Amino acid sequence: MNDETLVTQIGRQRSDQRHFVNTAIHRGSTVVYPTYAQFCEAGNLGRHQLSYGAEGTPTSFAVEQAIAELEGAAAGFIVPTGLAAVTTGLMAVLKAGDHLLIADSIYGPTRRFACSTLTRFGVEVEFFPPCLGADIKSLFRPNTRAVMTESPGSLTFEIQDIPAIADVAHKHGAVVLMDNTWATPIFFKPFDHGVDISIQAATKYLSGHSDLLAGTVATTAALQDQVYHQLHDLGMTSAPEDCYLVLRGMRTLSIRLERHQQTALTLAEWLAGRPEVEKVLHPARPDFPTHDLWKRDFTGASGLFGCILKPVSKAQLAAFVDGMQLFSMGFSWGGYESLLIPCNPRSTRSSTTWEEPGQLLRISAGLEHPDDLIADLKAGFERMARV
Ligand SMILES: *Cc1c(COP(=O)(O)O)cnc(C)c1O
């Protein structure tokens, strides 16, 4: 089945939903057992067997089944935030004394979790340059247990050579985790490229409407029990309404991504032609340094990209971003509405440095008409010129 069809089919058990199209929202903590024999069996029930609300509901089972199918994974899990997906995935595979390699372009809060919590529990954390590829081999130690990747990198969009990294990691008996929030499984299939644990902030494209926080973890068969027990130990249970909203977002994921992709490419092309712009950071543009890896491994690009302005004063930057009609300034991305934030990758680097003198902007192309978005940006540049 093609992904466009798949997203309409998964996570719907027709027999469970009284002939309605969609899976029902089941609220509940207590599950009652009709007999003493069934009560005694409760502790022996496996995954996706109703026993207590914290172990899941028919709604969470449906979304977890859908995540597994969308990812092409042995198992899928839903958690309350994208960050929880990252932290649980890492905790599931690490213990005191282990060495963890993390891409230097990783999402900021992932870096913070590794440097604070994981080091406190005795894990050695080391950041690697995101463009290292197979040369990551030289950083492996006998106790290297995991490599945490994110491709493209947060804010700076470097594409990592995931198959090369996975090849080295597996030779050393280490697992590869990937934060695949940018591409989603529609545009990058982690398990076809050697990833063992795939993570998404469902808050972004899976939800698609800026009204939900959620995360997903998908794993190979070899790691599914480890991840399941870690989630369970940490008490990571998602509310049924949130599970429902992830399922609902999934239905339109492929069609939304198609539009986000087109609009982002249109905006990137327009920005690249502007005199105020130093360069555009978009993996699908041939002038982007790791474009070849994107072309080899990805089947599309989503709506998030970067743009470096030629050096501007604070007042000029403020004139540009203040007064936008369509672009809002705010964290998160992947919703139907366009966002634009100034950002500074300098402060979240350790094994590499960010040398660009110009101001970096991160743009999340929403679902508006690209002509209207371009008019908004054009007016911003005109305001900037008047300062
Ligand atoms: C937003 C984001 C997360 C965290 O998701 P939350 O739901 O906000 O916790 C993780 N990784 C990436 C790449 C993100 O952009």
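Strand 9 (residues 304–309) and strand 11 run antiparallel and are joined by 5 bridges, where strands are DSSP runs of E with at least two residues, numbered from the N terminus, and two strands pair if DSSP finds at least two bridges between them. The model is a predicted one, in which local features need pLDDT of at least 70 and side-chain atom pairs count only at pLDDT 80 or more, while totals for chains, interfaces and linings use all residues. Residues are numbered from 1 along each chain as its sequence is written, and side-chain values use heavy atoms, with hydrogens and water left out.

Strand 11 (residues 360–364) is largely enclosed by the rest of the structure, because 5 of its 5 residues are buried, meaning under 20% relative accessible area with a 1.4 Å probe and protein chains only. In a regular strand, side chains alternate between the two faces of the sheet. In strand 11, Leu360, Arg362 and Ser364 point one way, whereas Leu361 and Ile363 point the other way.

We can now turn to the whole protein, which is divided into domain 1 (3–251) and domain 2 (253–386), with bounds that come from an automatic or database domain assignment. The centres of the two domains, taken over C-alpha atoms, are separated by 28 Å, and their contact (heavy atoms within 4.5 Å) takes 40 residues from domain 1 and 40 residues from domain 2.

The largest nonpolar core has 59 residues, of which Leu70, Trp182, Val246 and Met250 touch the most other members; such a core is a set of buried Ala, Val, Leu, Ile, Met, Phe, Trp, Tyr and Cys residues joined through side-chain atoms within 4.5 Å. This core lies between domain 1 and domain 2, because both give residues to it. Not counting residues up to four places away in sequence, Leu70 touches several residues, including Leu6, Ile10, Met250 and Leu253. Apart from this core lies another, of 29 residues, among them Phe77, Val86, Leu100 and Ile102.

A polar backbone atom of Gly82 is 2.8 Å from an oxygen atom of the ligand, while a polar side-chain atom of Thr203 lies 2.5 Å from a ligand oxygen atom.

Terms used
Buried means under 20% relative accessible area, exposed over 50%, partly exposed in between (1.4 Å probe, protein chains only). Helices (H or I, at least four residues) and strands (E, at least two) are DSSP runs, numbered from the N terminus. A polar contact is a pair of N or O atoms within 3.5 Å; within protein, one must be able to donate a hydrogen and the other to accept it, and residues adjacent in sequence count only if both atoms are side-chain atoms.
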